[in-house]
Amino acid sequence: MIIAFAGTAFLPYYLDQQILTIPLTLGVVAAGLSDIDDRFSVRILNLFYTYIGFFVTAASVQLLFPHPFFFAIGLIISCIGLILLGSLGRRYATISYGCLVVSVYTMLGTELFDTWYEQPLLLVAGAAWYGLIATISFLLFPVRQVQDKLSQCYASLGDFLFAKSNLFDVDMTAESYQQSVIGISLENGRLIGIFNDMRTALLTRLKGDRGQRDTRTSLHYYFVAQDIHERADSAHIDYQKLAKIFEHSDILFRFQRILSLQGKACRDLAASILNRQQYTHNLRFEHAFKNLRHSLEEMQKNQEYDQIWINALTALYQNLKSIDVQLRNLETERHIQLEKHKHIEQQLRDDDLKGWDDIRIRIKQNLTPESVLFRHAIRVSIVLLIGYGFIQIAQIDYGYWILLTALFVSQPNFNATKRRLRLRIWGTLAGVILGFAILYFIPSTEGQLLLLILSGVLFFDLRSKQYAQATAFMTILALINFNLGGMGFDALVPRITDTLIGCALAWFGVSFIFPDWKFRRLPRTIRRALEAQCQYLAEVVSQYQEGRNNSLNYRIVRRAAHNTDAEVASLISTLVTEPDFDPTQKQLAFEFLCLNHTFISYIAALGAHREKIEDQEILELLQQALDDIQGALLRDEVPNLTTQNMLKNIRSRLTQEGSTPSKSLIILQQLSLMFSVLQQFSNLKQNLSHDVNEQNDEFAPL
């Protein structure tokens, strides 16, 4: 970014054509926003599509701009079309967004050049300059972005383990337990999002070169991270009861200590990946596990506690020990070579387009008001049309900043838009104040060009982490750009007023044009989450019958369950910001959030220990339990006592036999945990779906 902005800043300066800095710099910004991480051949194709899209968009704006009626029609049609193009996948969504940005950038500079093709060509030239630098960087460091994403995976996994360790607090109350589970749920959502980005990055590179050593190693690391996540997310016990029963024992502190150490180990591994260094496993683990095992053995001898709790803690110990083994062996070359040959366990599902039929199906799926993308497309296009009409009627100077603000701020839902509104306003105010100081105290062109480069780089560095600060630096870049054309101080006040008007339009759109309150989607999201959990449980049950494997289908259903769990967590956590949602229902929603993540943790524990078993009675129990759970969660059926009686009978038989297989005990314990919350889980689902549907009837979209 430093090289790209330096080129667009100083080349026009040396050519004594300072006005060229504006379209060239804006071309770099648009190209940076449209940049997609992909393998080399597809990256070149993406650049070609991007340049074509930028030129057609900019040229259309230039040609239609003198004709307001036709321009307005073109604006609304192109806006809807470009947003719906995002339904075809990440590549098209990113490029179409860049085209929308270029369209508004072109409006800002329609009067700067005499002929219609000059500004479009300069915008494309700026984008091509950025593309050249980005491609050279990719060729020099082809796996850097994959390794950076892999580092983020393990850093987020470490945060998840730290959050999980809070459940072993001996001073836990009902309120602190709920807050801890909510925190774990949100951390889980962030981790799943990073996993999905990592999967996409790996998939595109595996298509290009299936034999590349670095890619294969990263794939192995990714699968290990997924397996650690499944084990870490497992729940073998009711943590609230656990805290009460063992509040005067050292056992909880030891589990909490190991989870914290493993969280730190994951963060250390993330730093090693980021810095391209060798990871060294912490020697303290051996001592910590030795003491924990000794504590468990002492509890077993003293028979002070119920055997059920001892068995559950022993299973948890085995799970944490498995995580330790994976972290210790992660960088062992022998281990990696072994994993490379497990082809069936190293498949990734390809979600890319498969042909014209796939394109038609995806677009058709989004040509309905039920589609969030369709509603967003209609909303944004109407907002931009209203903004354009307002600019034409009021004859506002620099008025197209209104459209740019509305475009950047408008998000598919109320909560995200509201958050961006606030950050955009504060960022713009800060940027205008700093911009005024820069223009006043640094009048030299050279100094302003250096600050333009710095502002552009900081914008891209902060845009996904600190939106307000990123907006401030983008405002500084825009003011310096306009000052190079002799209009810097004149643009200060319009920048603020246009931002406020654009934010007001975005708020109006998300509130009244196809309003997409998240609570309206709650019943559908809950249904999808429960269906995904039942499919996950069904796949786990089948592997107890057929034997353990990490096949593609298992990974798909597990990922779907965690994706929908993350979606539920994200949706419910934003309900507090939305108006017109009953506070009582909010409390029920948070209870559902906790129970939903707890239930998937019980399934994950079954999945973490899945192995083929021969006891037909237990296999029948698993199948009966699956039928009951599906009936309760998907069909609102009340489970009969068959499964509970089978649980009691099998537990009694195993006790009488004396020697009890550990896998059988784990299965019985996990099913008992599931059935202990199943009725409450089903009731919460029914209450939320019924009450939210009643609320939906009260709010008809405009």
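The secondary structure of the protein comprises 27 helices and zero strands. The radius of gyration is 29 Å, close to the 27 Å that the globule rule gives for 702 residues, so the protein is as compact as a globular protein of that length. The model is a predicted one. Along the principal axes, the C-alpha atoms fill a box of roughly 95 × 60 × 50 Å.

The domain assignment divides the protein into four parts. Domain 1 covers residues 1-141 and domain 2 covers residues 142-336. Domain 3 spans residues 388-516, and domain 4 spans residues 518-693.

Domain 1 and domain 3 were examined as a pair. Their centres, taken over C-alpha atoms, are separated by 18 Å. Domain 1 brings 29 residues to the contact, and domain 3 brings 25 residues. The size of an interface is often given as the accessible area lost when the parts come together. Here, domain 1 and domain 3 bury about 2,500 Å² between them. Carbon and sulfur atoms account for 83% of that area.

Polar links across this contact were also counted. Between domain 1 and domain 3 there are zero salt bridges. One residue pair is in polar contact between the two domains, with both residues at pLDDT 80 or more. The side of domain 1 that touches domain 3 draws on several helices. Helices α1 (2-15), α2 (21-33), α4 (68-85) and α5 (90-108) each supply at least two residues to this side. By class, the side of domain 1 that touches domain 3 has 25 nonpolar residues, four polar residues and no charged residues.

Salt bridges do occur in the structure, which holds 18 of them. One of these joins D37 to K149. In this pair, the closest N and O atoms lie 3.8 Å apart. By the domain bounds, residues 1-141 form domain 1 and residues 142-336 form domain 2.

Terms used
Residues numbered from 1 in each chain as written. Predicted model: local features only at pLDDT ≥ 70, side-chain atom pairs only at ≥ 80, totals over all residues. Heavy atoms only, no water. Domains from an automatic or database assignment. Contact = heavy atoms within 4.5 Å. Buried area = accessible area lost by both parts, 1.4 Å probe. Salt bridge = Lys/Arg side-chain N within 4 Å of Asp/Glu carboxyl O. Polar contact = N/O pair within 3.5 Å; in protein donor to acceptor, adjacent residues only side chain to side chain. Helix = DSSP H or I, 4+ residues; strand = E, 2+ residues; numbered from the N terminus. Nonpolar A, V, L, I, M, F, W, Y, C, P; charged D, E, K, R; others polar. Rg over C-alpha atoms; globule rule 2.2 N^0.38 Å.
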